[in-house]
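Trainee: I should like to examine this model one region at a time. May I put my questions to you?

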Amino acid sequence: MSYKVIEVNAEKAFRKYDNYDIEKDFRYPYHLTPYQGCVFQCVYCFNYKKSKYWKNIEDRKNEIVVVKNMPELVSKEIKKLNMENHPKIVRIGTEAEIYGPAEKEYNITRKILEEFAKYGKMWKIYIPTKSDLILRDIDLLKKLNVVVTVTIVTTNEKLAKKLEPHAPSVKRRIEVLRELRKNKIPCRIRCEPFLEGISDVENINKIKNELDLIEVKVKKLNYFTLDEVKKRAGIK
Ligand code: SF4
C-alpha cells in the first residue's frame, strides 16, 4: 500500500518516566518512538492523539513520520544511561507500528536493536507489533532480553479485517508468535482494545496456552466509544 514519508530528525531519543508502573503496562521507564503514523489504519487507533502531526483520525491518512537519526541518538544516549541507576527497561514503539512498511526501507528499528545488542541483555526491551516483518530480526531478538507483544483483538478474521484493514491477518500474527516461540523469544498477546461482543478472550487464551506465552493482557477501550468503533468498522 502506498504511503507518504515525512523524514525528521529528533534532538533526543529516550523519553524517561520516573512514575512508571510496569504492572500497568504502559509506564515503562523509557520509551523510544522511531516512527509516527501507521498504514495499518486500525479504526480504534488513538495514537494520532499523541502526535503533533495529525489532529484527528482521518487526517493521518497514510503518512509515516520517520525519525531518521534515532539510531545515532540511541547509540550516544545509551552509553550515558548505562551508567545511571535507573531501571533499564524500554519500550520501542509507542505511537506507531515499528515494523511497518517504512521499516523495510529505513531499517531504523533494526539499527536501534543493534545498538542495544552491543550491551547484551543489559536492557529489557518491550516490542509491540502486529507485523510479520519482526521475523526479519530474529537473529537480533535472540541476543536480547526482549518481550514481544502481538496485538489480537479478535480471532475472527472477518471482524479483524474490518477493524484493522491493512494489518496482517490474525492467522499470520499467530504464525509470527509461533516462529518467535520456536526461537525461544518470550511473547505475550495484548487484547487492546477489548471490544464487547467482538473480543473473544477465551479463544485468545487458547493461543496463549498452546504457544506457552507469558500472558494475555486485556485492556479496555480508550478514547472512543464501542459504537464509534463499530460504526467506523462497519460492524453492526
Ligand atoms: S497497528 Fe497500532 S499504531 Fe498502527 S494503526 Fe493499528 S493500533 Fe495504530
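Trainee: Where is K121 found?
Mentor: The model is a predicted one, in which local features need pLDDT of at least 70, side-chain atom pairs count only at pLDDT 80 or more, and totals for chains, interfaces and linings use all residues. Residues are numbered from 1 along each chain as its sequence is written. Helices (H or I, at least four residues) and strands (E, at least two) are DSSP runs, numbered from the N terminus. On that basis, K121 is found in the loop between α3 and β7 (124-129).

Trainee: Is K121 buried, exposed or partly exposed?
Mentor: A residue is buried if 20 or more other C-beta atoms, placed from the backbone, lie within 10 Å of its own, exposed if 12 or fewer, and partly exposed in between. K121 has 13 other C-beta atoms within 10 Å, and is therefore partly exposed.

Trainee: Which residues does K121 touch, not counting residues up to four places away in sequence?
Mentor: Contact requires C-beta atoms, placed from the backbone, to lie within 7 Å. The C-alpha atoms of K121 and K143, 22 residues apart along the chain, are separated by 7.1 Å. Leaving aside residues up to four places away in sequence, K121 touches L144 and N145.

Trainee: Which residues does L163 touch, with residues up to four places away in sequence not counted?
Mentor: L163 lies in helix α5 (residues 157-163) and is buried, because 26 other C-beta atoms lie within 10 Å. With residues up to four places away in sequence not counted, L163 touches C42, V43, Y44, V153 and A233.

Trainee: Which strands stand at the edges of the sheet that holds β1 (4-8) and β4 (35-36)?
Mentor: Three strands form an open sheet with mixed pairing, in the order β1-β5-β4. Each edge strand has a single partner strand, so one side of each is left without a neighbour in the sheet; these strands are β1 and β4.

Trainee: Which residue of β5 is the bridge partner of Y35?
Mentor: Strands count as paired if DSSP finds at least two bridges between them. Five bridges join β1 to strand β5 (residues 63-67) in parallel, with V5 opposite I64 and E7 opposite V66. β4 and β5 pair in the antiparallel sense over two bridges. There, the bridge partner of Y35 is V66.

Trainee: In what order do the strands of the seven-stranded sheet lie?
Mentor: β2 (15-16) and β10 (216-220) stand at its edges, each with a single partner strand, so one side of each is left without a neighbour in the sheet. Two bridges join β2 to strand β3 (residues 30-32), which run antiparallel, and R15 stands opposite H31. The pairing in this open sheet is mixed, and the order is β2-β3-β6-β7-β8-β9-β10.

Trainee: What is the handedness of the crossover from β9 to β10?
Mentor: β9 and β10 pair in the parallel sense over four bridges, and C191 stands opposite V218. The chain crosses between them through helix α7 (residues 201-211). A crossover is right-handed if, with the strands pointing away from the viewer, the path from the first strand over the helix to the second runs clockwise. This β-α-β crossover is right-handed.

Trainee: At which residue does α1 bend?
Mentor: The expected span of a helix is 1.5 Å times one less than its number of residues. The 14 residues of helix α1 (residues 70-83) should therefore span 20 Å, which agrees with end C-alpha atoms 20 Å apart. A bend is the angle between axes fitted to the seven residues ending at a residue and the seven starting there. In α1 that angle is about 30 degrees, at E77.

Trainee: What covers the buried residues of α1?
Mentor: The buried residues of α1 are M70, P71, L73, V74 and I78. What covers them includes β3, β5 and α3 (108-117).

Trainee: What is omega of the cis peptide bond that joins E192 and P193?
Mentor: P193 has its place in strand β9. The bond joining E192 to P193 is cis, and its omega is about 5 degrees.

Trainee: What is phi of D212?
Mentor: D212 lies in the loop between α7 and β10 and is exposed, because 9 other C-beta atoms lie within 10 Å. Its phi is a positive value in a residue other than glycine, near 55 degrees.

Key
Contact = placed C-beta atoms within 7 Å.
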